[in-house]
Amino acid sequence: MSEKLPRPSSLWEYANPRRFMALSGATLPFVAAGTTVALIVGLAWGFFFTPDDYRQGSTVKIIYLHVPSAMVAINAWLMMLVASLIWLIRRHHVSALAAKAAAPVGATMTMIALATGAIWGQPMWGAWWAWDPRLTSFLVLFLFYLGYMALWAAIENDDTAADLTAVLCIVGSVFAVLSRYALVFWNQGLHQGASLSLDKEENVSDVFYWPLLICLAGFVGFFVLLILIRTRTEVRARRMKALQARERMT
Amino acid sequence: MMPDLGKYAVEVLSAYAVTIALMLALLLLSLRQSAKTRSALREVEAARQAKATAKGKADG
């Protein structure tokens with residue numbers, strides 16, 4: 001995979017595994033560096049240098065973990081949806097492998113959001129868990145992540161697995177959207193509204209806003225970094241399978 | 001340096017501990033899996049190359 005490739009004329013050419021490996025290999029160090037800086041600065045700023053909230057006390061510091069992980073958890077599924085649709089429509093293997101690679105990252109982010117939400121909820125609401133629309137749809141999203149990974153693992157033929165998991169991904173997208181907009185749809189439950197919004201009026205106070213934004217950038221960077229690493233692994237594993245299959249035939 | 005977390009110290013610290021542990025575990029697992037796959041692929045490619053070279057010598 002080391003020969004020089006001609007300059008791509010379209011974005012779709014990055015669906016070529018060799019092109020993807022070349023581009024992702026060159027990008028990885030920058031993504032890793034940016035992510036490390038953003039995570040360290042954001043988390044250190046949020047943890048050490050922001051004041052307590054007048055109502056929530058020091059538990060407000062959990063916002064720097066809970067909000068970014070929840071946002072990444074939802075958007076990871078939406079990224080998987082886009083990648084799955086590309087697979088279904090254009091049959092690009094790299095997109096199916098990227099969707100597969102994203103699932104454990106999304107599941108971990110969902111787990112972090114659920115765990116930090118429970119830890120935050122206990123002192124604030126007096127309960128670790130409530131069957132609130134947003135929490136429930138988030139739990140269902142987590143189960144969809146587990147189901148998606150189990151389906152990939154259960155089917156031996158990669159193309160069949162990609163087809164079936166893509167369909168599951170489309171169905172699960174309903175819960176990804178629900179977990180984001182549950183509050184708007186039902187207007188009930190314990191969970192508060194959006195902490196970050198394009199509408200300045202709805203945002204958290206400025207003193208929490210900037211470190212939160214940097215943490216968000218760090219979590220998104222972490223997601224991208226892991227997608228690149230894991231997709232590269234999947235591309236290599238696929239090539240290995242193909243070579244082994246060719247060996248068996250000769 | 002350590003901020004005064006008051007009566008919620010356990011909650012805040014455990015939230016950070018859980019998050020950092022899960023993120024680190026995922027990163028390390030991904031890196032380990034990547035290294036394993038890369039070396040396995042290298043072995044398969046080397047074996048294939050060796051086979052092709054041997055075949056080339058035998059043919060001509």
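Visitor: What makes α2(A) oblique to α6(A)?

Guide: Their axes pack at about 40°, 9 Å apart. Axes are lines fitted to C-alpha atoms, for helices over the stretch in contact, and angles run from 0 to 180 degrees between N-to-C directions. Angles under 35 degrees count as roughly parallel, over 145 as roughly antiparallel, 65 to 115 as roughly perpendicular and the rest as oblique. The pair is therefore oblique. The crossing of α2(A) and α6(A) is right-handed, that is, the near helix is turned clockwise from the far one by less than a right angle.

Visitor: Which residues make the contact of α2(A) with α6(A)?

Guide: Among them are I63(A), V67(A) and M71(A) of α2(A), and F208(A), L212(A) and F219(A) of α6(A). Contact requires C-beta atoms, placed from the backbone, within 7 Å. By class there are 15 nonpolar, one polar and no charged residues. Nonpolar covers Ala, Val, Leu, Ile, Met, Phe, Trp, Tyr, Cys and Pro; charged covers Asp, Glu, Lys and Arg; the others, Gly among them, are polar.

Visitor: How should I read the numbering and the confidence limits?

Guide: Residues count from 1 along each chain as its sequence is written, with chains lettered from A and ligands numbered from 1 in the order written. The model is predicted: local features need pLDDT of at least 70, side-chain atom pairs count only at pLDDT 80 or more, and totals for chains, interfaces and linings use all residues.

Visitor: Why are α2(A) and α3(A) called what they are in relative direction?

Guide: α2 (residues 63–90) and α3 (residues 93–125) of chain A pack at about 160°, with axes 7 Å apart. They are therefore roughly antiparallel. Their contact has 21 nonpolar, eight polar and no charged residues. Just after α2(A), R91(A) takes a positive phi of about 60°.

Visitor: Is R246(A) buried or exposed, and why?

Guide: R246(A) lies in α6 (residues 206–249) of chain A. Buried needs 20 or more other C-beta atoms within 10 Å, exposed 12 or fewer, and partly exposed is in between. R246(A) has 10 such neighbours, so R246(A) counts as exposed.

Visitor: How many residues of chain B are in contact with chain A?

Guide: 26, against 33 residues of chain A. The chain B side has 15 nonpolar, seven polar and four charged residues.

Key: Two residues are in contact if their C-beta atoms, placed from the backbone, lie within 7 Å. Helices (H or I, at least four residues) and strands (E, at least two) are DSSP runs, numbered from the N terminus.
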